[in-house]
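Please read it alongside the model shown here.

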Amino acid sequence: MLHFRSSTVLKELFEATLKRPFPVYRQKTWLPTSSRCFCCLGAASVDARTASAPLKVLNAAAHRPALRTAPRAASLRSYCVKTEAEEVEEQLKKDGAGGEAASDKRRNAGILPSLEDLLFYTVAEGQETIPAHKFLTALKATGLRSGDPRLKECMETLKDTLKKTSDGVTLDRHLFKKCVQSNIVLLTQAFRKKFVIPDFQSFTSHIDELYENAKNLTGGQVADYIPQLARFSPDLWAVSLCTVDGQRHTVGDTKVPFCLQSCVKPLKYAVAVHDHSTEYVHSFIGKEPSGLRFNKLFLNEDDKPHNPMVNAGAIVCTSLIKQSASNAEKFDYVMNFLKKMAGNEYVGFSNATFQSERESGDRNFAIGYYLKEKKCFPEGTDMTSVLDLYFQLCSIEVTCESASVMAATLANGGICPITGERVLSPEAVRNTLSLMHSCGMYDFSGQFAFHVGLPAKSGVSGGILLVVPNVMGIMCWSPPLDKLGNSVRGIQFCTDLVELFNFHNYDNLRHCAKKHDPRREGGDQRQQTFGPMDYESLQQELALKAPLWKKVSPTESNEDSSTTVVYRMDKVVE
């Protein structure tokens, strides 16, 4: 590899520049030093390039991989003319070149290897081809699913490409690059462990252990005051999680549909705040924990329901949604919101549960008439119509998998992690999580905030919607309930989760007891927070893993040695 001492060469370059200035700059490069910036030394012609030995050395140095000088370049770029790499990128944009053609031009210009090449060598592990199942298995290990909406184009191209291959199984480098180029930034982040949970397989193995521990519990009773709920088996138990980067993991009966019941309360409150404002919504509903059972006929000193997480507050909150619309329009409106929060995964409706709940809803009718007497509804509200919609929203069905994406949307500030669509305003999410933290677990809210320290909402169907802000959403579901109406297995899982990982709101205080932090790779260093990264920044970061990439000499390359800089996975011998 080419090395030279900067002090001697730069002195000669400086003297040569003084003797013979170059009026025209065709090839532009730069060379940072500790004292001065020789930015624009280049050659105007072939004669100029061959005029002195130092310039030959500079030209040779300019063809070294950009990974050696890129970090320093950023601080000097404002004082320098465009580099050759920048000129190539500008030309690509003008030509409208994209995909493989663009990556080939980058490589031909002596720029860093394409992300597609880097990803191929990472997955191939020295082989010339990649079996499709090997790529999909490696993808699953990162936490991404092949059915992720963000990877739709990649998976469709992969399917079509495999049909055209001789064996229908393997991909060479050319075909692999064609398949992944549409989603290369997301895939590179996944394989370089730049997601919020870098060691996802290790993390999910702990989740599986916590699941098995809670599965052994046998206490609790399935809710029977709504007849349809009493039909669920007490042995059902499921946990599903989705991170803010869209990493997914499920264990147990995660595809069995169940009704949200009270877990819908924070979601419709978020819709109300999103549509109106915090001030408007809380002119009808308070913000304090009630300290009473969730279905009590009781208001605060201002004759308002205590909060939106108890039945009285949820009924009033229902009356605030699309006030001038019909019940059918209101129901469709909320359903569309929930489907967007779930990334268009399963959200259904159980008419049997709705009918069952309406027929056995005497307590809720009593609360409704009490609220009407105290003038708690907006003017002109039809109370019986509001109660019908209230029962309908409680009867919305989800699975653990789809509900975990809803929770992840809250954890991600209102943006669905698997679609990238903003569903709720930041204000609505912040308010919702605040009330879930203080009032979401019925009469157990204080205990849960103390021991678990995370926003959550439980329902009498056995669900617990748990949010770890900026990290993930989790849905636990098991029908047997404790005496306070919370899932026995769900409470145990949440408690064990926070005992193992530092997810409690106050676990990260200085001098606190050490716990596992899954946001750190290997548990040794805190992971940087990564937002969306562009192609070039990822490309440079990957190439900075220097020892793995070797510049192949022209005799080792099958490509045109006069224009191409080729890289392959290899150890560099200094």
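In this predicted model, helix α13 (residues 265-275) and helix α15 (residues 311-319) have axes that come within 10 Å and cross at roughly 40°. α13 is therefore oblique to α15. The crossing in which α13 passes α15 is left-handed. On the α13 side the contact involves Lys265, Lys268, Tyr269 and Ala272, which meet Asn311, Ala314, Cys317 and Thr318 in α15.

An open sheet is formed by 5 strands, in the order β7-β6-β13-β12-β11, with antiparallel pairing. The edges are taken by β7 (248-252) and β11 (456-458); each has a single partner strand, so one side of each lacks a neighbour in the sheet. On average, neighbouring strands of this sheet are turned by 10° against each other, direction ignored. Within the sheet, β12 (residues 463-468) and β13 (residues 472-477) run antiparallel and are joined by 6 bridges. Leucine 466 stands opposite isoleucine 474 in β13.

How many disulfides does the structure hold? There are 0 disulfides. For cysteine 259, the closest cysteine sulfur is that of cysteine 394, at 9.0 Å, which is too far for a bond; the cut-off for a disulfide is a sulfur pair within 2.5 Å. The table gives the accessibility of two cysteines.

| Cysteine | Relative accessibility | Class |
|---|---|---|
| Cysteine 259 | 3% | buried |
| Cysteine 439 | 5% | buried |

How values were computed: Residues numbered from 1 in each chain as written. Predicted model: local features only at pLDDT ≥ 70, side-chain atom pairs only at ≥ 80, totals over all residues. Heavy atoms only, no water. Pairing = 2+ DSSP bridges. Helix = DSSP H or I, 4+ residues; strand = E, 2+ residues; numbered from the N terminus. Axes fitted to C-alpha atoms, helices over the stretch in contact; angles between N-to-C directions. Buried < 20%, exposed > 50% of the residue type's maximum accessible area, 1.4 Å probe, protein only. Parallel < 35°, antiparallel > 145°, perpendicular 65-115°, else oblique. Left-handed = near helix turned anticlockwise from the far one by under 90°. Contact = heavy atoms within 4.5 Å.
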